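Colleague: I would like to learn how to read charged pairs and nonpolar cores in a model like this one. Could you take me through them step by step?

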Amino acid sequence: MVIERGSTAKDLGPKLNRSAADVVRFLLQQGEMITATQTLSDDMIELFAADVGAAIRLVDPGQEQEVGLQQLLDVLDEEDENEADLRPRPAVVTVMGHVDHGKTLLLDRIRSASVAADEAGGITQHIGAYQVEKNGKRLTFIDTPGHEAFTAMRARGAEATDIVILVVAADDGVMPTTLEALAHARAAEVPIVVAINKVDRDNADPDRVRQQLAEHGLIPEQWGGDTVMVEISALQDLGIDDLIDNLLVVAELEDLRANPEGRAYGVVLEAKLDVGRGPVATVLVQRGQLEVGDPMVAGPAWGRVRALIDDKGEQVKQAGPGSPVQVLGLSEVADAGDDFVVAPDDRTARRVGETRGQYARIKSIASDASAITTGVKLEDIFEQIQKGEAATLNLVLKADVNGSLEALTDSLRRLERDEVKIVFVHRAVGGITQYDVQLASATGATIIGFNVRPDRKSRELAETEDVEIRTYEIIYQVIADIGNALVGLLAPEFEEVVTGEAEVREVFRVPRVGAVAGCYVRSGVITRNSPVRFLREGTIIWKGTINSLRRFKDDVREVAAGFECGVGLSDFQDLKPGDVIETFQQREIPRT
Ligand code: GDP
C-alpha cells in the first residue's frame, strides 16, 4: 500500500480499512494528540500501519500517481508479452551526422519520393516525422536530423529509434560530430546504416570514408564487415532507393513487433502551441491503437483526443504502432521525449497529468529558477508599483495543515490586482526547510509560514541568502500584512529572534511538579519566563512561557548552550523526545 507523506488521519484510516477515529485513538494511546485533519508525521503513519499489520510504503505527494502510471504501463507491457498478439511494425529511423553533410536534404528527398508515389500527393505536412512505403513495407523517419533530439529523448528514457542513418559527406569525410553521432547510436545499441553522401562531387572519396569508419569499428559489408554503407547523392537523387531497400533489410532482421490492439502508448516527438488549434503534439505510437476519443496523458498534458492528423495532412480515426500522428485536444504543450499513454478513463488521465504538472513545475523551478519571473521583495513591492511597473510577488507558502494552506491561498489570491501578480512558487504542508529557502532565494520569493517554523539550518540559510521568512498564527494577520505591503504600508516586521534552542531528550514525571522535559540546550540560552514554543518537525505544537527551569535540583534563571536542564511543563504535557523547545524575543527589524 502506497501512502503519501503528510497524510491526515482522515486520509490514512480508510486506506487501511480503518476509520479516522481509529487512527486518532491509536495515536492518543501513544501519547500523540492529533485531530483527524492534522498532518501525520512519517513516524505516526508507520506506527499505525504496523499496529494494523499493513505493509506500507511512504511516498512524496504526487509520486503515487507516478507509481500508478507506471503500473498502467507495466500492465500494457505484460499484455505485450503475449507473442500471439504481436504483429510486424515499421522501423523508426533517425538521421544523424556532421553539420552540412546533407541530413536535411536527404530527409527531404526520401519524403518527396514518398509523396510522389502517393496518389493523393501534393500536400506535405511537416509534423516531425513521416512514413515511407515500399513493396508493402513501411519505414518511419524522424524529421529532426541530428543527435541532439535523439540524445534529448534518450536522456528522458524514450527509446524511439530502431535504426540510425549516419550521413557522411564523401568529400569531407569523418568529422568530430560524425564520431559523436556514432557513439550515441552505439550507446543506444541501435543498428547503423551509413549513407556516404555527395558522391556527385569531384573531390568525393567514398573509399576514404569507408577507411575512416573502419578505423572506428564500422567495417563495411563490402569488406566482410556487417555495416551497410550506401553511396548516395541527396542533391542528384542518386542511391536513395538503394538506401531505402537496405533500411528495409535491416528492419527485417530486427524483427520489430508490437501489439496493434488495445490501449496505445508511445512517445512525444514534438509539440507546440498552435493558434486556433491549441496544443498540438506529434506522437509516435509504439504499441496499441491510438483512436479519436481516447483519454490520454502525455507528460503533464492530458485530454481526450479530439482529432488525429497523419503525415500527409489527412485526418485519421486511428494510428497504430510505428505511426507518427498529430494529436489535438491536449490540455497543454508536452515536451519532446515525454511518454504518452491512453488512460482507462478521463479522470485517470486528468489526475495523472495534473499531478505530473505540479511535480514538474516544482522540479523545474528548483533546478532552473529562470523558468519563473524573479519576484520583488515584499518591502520593495510598493515602490515598484508606484513606478508604474508590474510587480510579481512570489511566495513560498508553508502551513501546518491542508485546510489552512487552502484558506491562505484563496485569501492571498484575492489580493491580486492588475499591477501585482501573486505567484505561489511552492505550497505545502510542513515546517520551513532549507529546500524552501533555496527555492525562495532562486525565485526571489518571500516565505510565509503559518503555524510552522524554520529549523535552525533553514533560518541560517535564509539569513545568508537574504530570504525573508514571515511566520504567522492568524490568517487574518497574513492577509492584512501582505495587503498593506501592496499599498505601501508594510508593517514593521517584528522578527522573533530565537534566543535559545533546546532538544527534548526525555520526559518524566516529578511528584508535585508534574511533567518535566529533560533537555539539552543546543544553542543560545534558555531563560525562565521567556516566551517559548514547542516544535515537532518544524510545526508549532504549543506556545507559552517557561515557568520552571532547573539544573539538577536547583531552580535557575537560565541555562546556556551545551548544558542539560529540566523544563517544567505546566500546561502542555505532550512533549516527546526529539521535540524542540525554542525561546524567543520580539524585535523590530529596521527597514533599510
Ligand atoms: P545538414 O546540415 O546535414 O542537414 O546538411 P544539409 O542537408 O543542409 O546540406 C548542406 C549543404 O550540402 C546544402 O547546401 C546541400 O545542398 C548540400 N548537399 C547536400 N547533399 C548533397 C549532395 O549529395 N551533393 C552535393 N553536391 N551537395 C549536397
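**Salt bridges and cores**

Modeller: Let us start with one pair, bearing in mind that this is a predicted model: Arg304 forms a salt bridge with Asp346, and their closest N and O atoms are 3.0 Å apart. This pair links distant parts of the chain, with Arg304 in strand 15 and Asp346 in helix 10, 42 residues apart.

Colleague: Are Asp436 and Lys398, which form another salt bridge, buried or exposed?

Modeller: Both Asp436 and Lys398 are buried, and their closest N and O atoms are 2.6 Å apart.

Colleague: Which residues are linked with Arg456 in a network of salt bridges?

Modeller: The network links Arg456 with Glu501, Glu503, Arg505, Arg522 and Glu564. Within it, Arg456 and Glu501 have their closest N and O atoms 2.8 Å apart. Arg456 lies in helix 14 and Glu501 in strand 25, so this pair ties together parts that are 45 residues apart in sequence. Glu501 is buried because its relative accessible area, 2%, falls under 20%.

Colleague: And how should I read the nonpolar side chains?

Modeller: In soluble globular proteins, nonpolar side chains tend to be buried together. Here the largest nonpolar core has 27 residues, and those with the most contacts inside it include Leu106, Leu139 and Phe141. Helix 9 gives the largest share of this core, 7 residues. A second, separate core has 24 residues, among them Ile385 and Leu408.

How values were computed:
Residues are numbered from 1 along each chain as its sequence is written. This is a predicted model: local features need pLDDT of at least 70, side-chain atom pairs count only at pLDDT 80 or more; totals for chains, interfaces and linings use all residues. Side-chain values use heavy atoms; hydrogens and water are left out. A nonpolar core is a set of buried Ala, Val, Leu, Ile, Met, Phe, Trp, Tyr and Cys residues joined through side-chain atoms within 4.5 Å. Buried means under 20% relative accessible area, exposed over 50%, partly exposed in between (1.4 Å probe, protein chains only). Helices (H or I, at least four residues) and strands (E, at least two) are DSSP runs, numbered from the N terminus. A salt bridge is a side-chain nitrogen of Lys or Arg within 4 Å of a carboxyl oxygen of Asp or Glu.
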